[in-house]
Amino acid sequence: MATSPEVNGAQLFKYKIVLLGETAVGKSSIVQRYVRDQFLEHQESTIGAAFMSQTIKIDSDIVKFDIWDTAGQERYHSLTPMYYRGAKAAVVIYDITNRVSFARAKNWITELKQNSGNPDLVIALAGNKCDLSMNREVPKELAEEYAKETGILFMEVSAKTKENIDLIFETIARRLPRIRAPVVPVNITPIEAPKPTSEKKCCK
Ligand code: GTP
Ligand code: MG
């Protein structure tokens, strides 16, 4: 997290956040919905990674997320440590209609816990495409139970309908520590007026 300069009296806190998950689970769609309030039925698969930022107000603080949306295709896997290192939070996404994507999400969480280098990393598991619950393959209770065991946040979301999209980022923001710059006491020493000396007297 960067230092916390003041913006109109409120303190600004910046955090790097990374999105991980198998290809086509909806990582880019979630970011697009969150940052631009847009949804594309034919969102293109990400190449490498994409970056976007979003600023929100949490109580009297301003929180800025620098969001790295990684590419889920297997050939980009070796690049991902570059994006999760130094991150303060990670959103691991699966598609509720695809049980393989849930298994993959669990692997990501294990990898993050082992390799992120940040024991305080805030991890959220997001079951996307909850608008397609008629095609559900991953029971909500199963994901809930797993999240409870591993001590991470969990929510089902939909980039398409916007369900829980703002809420998941807001919940993460509230979990992140705000390290405030210490208030430095300012000692105001009164400046003594120079004592008049006889030399300075010009009018005798
Ligand atoms: P990679 O960039 O390849 O890793 O994929 P991704 O995880 O970024 O997935 P992307 O956002 O490209 O979405 C894949 C497809 O799922 C797109 O056709 C989206 O329109 C669709 N999609 C994403 N989110 C939702 C959702 O909440 N509901 C439904 N019904 N479709 C969704
Ligand atoms: Mg993408």
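Mentor: A residue is called buried under 20% relative accessible area, exposed over 50%, and partly exposed in between, using a 1.4 Å probe and protein chains only. By that rule S28, at 10% relative accessibility, counts as buried. This is a predicted model, in which local features need pLDDT of at least 70 and side-chain atom pairs count only at pLDDT 80 or more, while totals for chains, interfaces and linings use all residues. Residues are numbered from 1 along each chain as its sequence is written, chains are lettered from A and ligands numbered from 1 in the order in which they are written, and side-chain values use heavy atoms, with hydrogens and water left out.

Trainee: What share of the residues of the chain count as buried, and which pattern does the chain follow along the sequence?

Mentor: Of its 204 residues, 44% count as buried. Helices (H or I, at least four residues) and strands (E, at least two) are DSSP runs, numbered from the N terminus. The chain has 5 helices and 7 strands, in the order β-β-α-β-β-α-β-α-β-α-β-α.

Trainee: Which protein atoms are donors of the magnesium ion, ligand 2?

Mentor: Donors are N, O and S atoms within 2.8 Å of the metal (3.2 Å for Na, K and Ca); water is not among the atoms, so sites may look incomplete. Here the protein donors are OG of S28 and OG1 of T46, lying 2.0 Å from the ion. S28 belongs to helix α1 (residues 27-36) and T46 to the loop between α1 and β3 (49-58), so the pair ties together parts that are 18 residues apart in sequence. T46 also counts as buried, at 14% relative accessibility.

Trainee: How many residues surround ligand 1, and which polar side-chain atom lies 2.5 Å from one of its oxygen atoms?

Mentor: A residue is near a molecule if one of its heavy atoms lies within 4 Å of it. Ligand 1 is surrounded by 24 residues, the closest being T23, K27, S29, S45 and G72. A polar contact is a pair of N or O atoms within 3.5 Å. A polar side-chain atom of S45 is 2.5 Å from an oxygen atom of ligand 1, and one of S29 is 2.6 Å from an oxygen atom of the ligand. V25 contributes a polar backbone atom, 3.3 Å from a ligand oxygen.

Trainee: Which residues of the largest nonpolar core touch the most other members?

Mentor: In soluble globular proteins, nonpolar side chains tend to be buried together. A nonpolar core is a set of buried Ala, Val, Leu, Ile, Met, Phe, Trp, Tyr and Cys residues joined through side-chain atoms within 4.5 Å. The largest here has 30 residues, and I17, F65, I67, V91, I168, F169 and I172 touch the most other members. Its largest share, 5 residues, comes from α5. Contact means heavy atoms within 4.5 Å; not counting residues up to four places away in sequence, V91 touches I17, V18, L19, L20, A124, A126, F169 and I172. A second, separate core of 24 residues includes A87, A90, L125 and C130.

Trainee: Where do the buried residues of α5 fall, seen down its axis?

Mentor: The buried residues of α5 are I165, I168, F169, I172 and A173. They fall within an arc of 135°, so they line one face of the helix. The arc is that of the directions from the helix axis to the C-beta atoms.

Methods
Polar contact = N/O pair within 3.5 Å; in protein donor to acceptor, adjacent residues only side chain to side chain.
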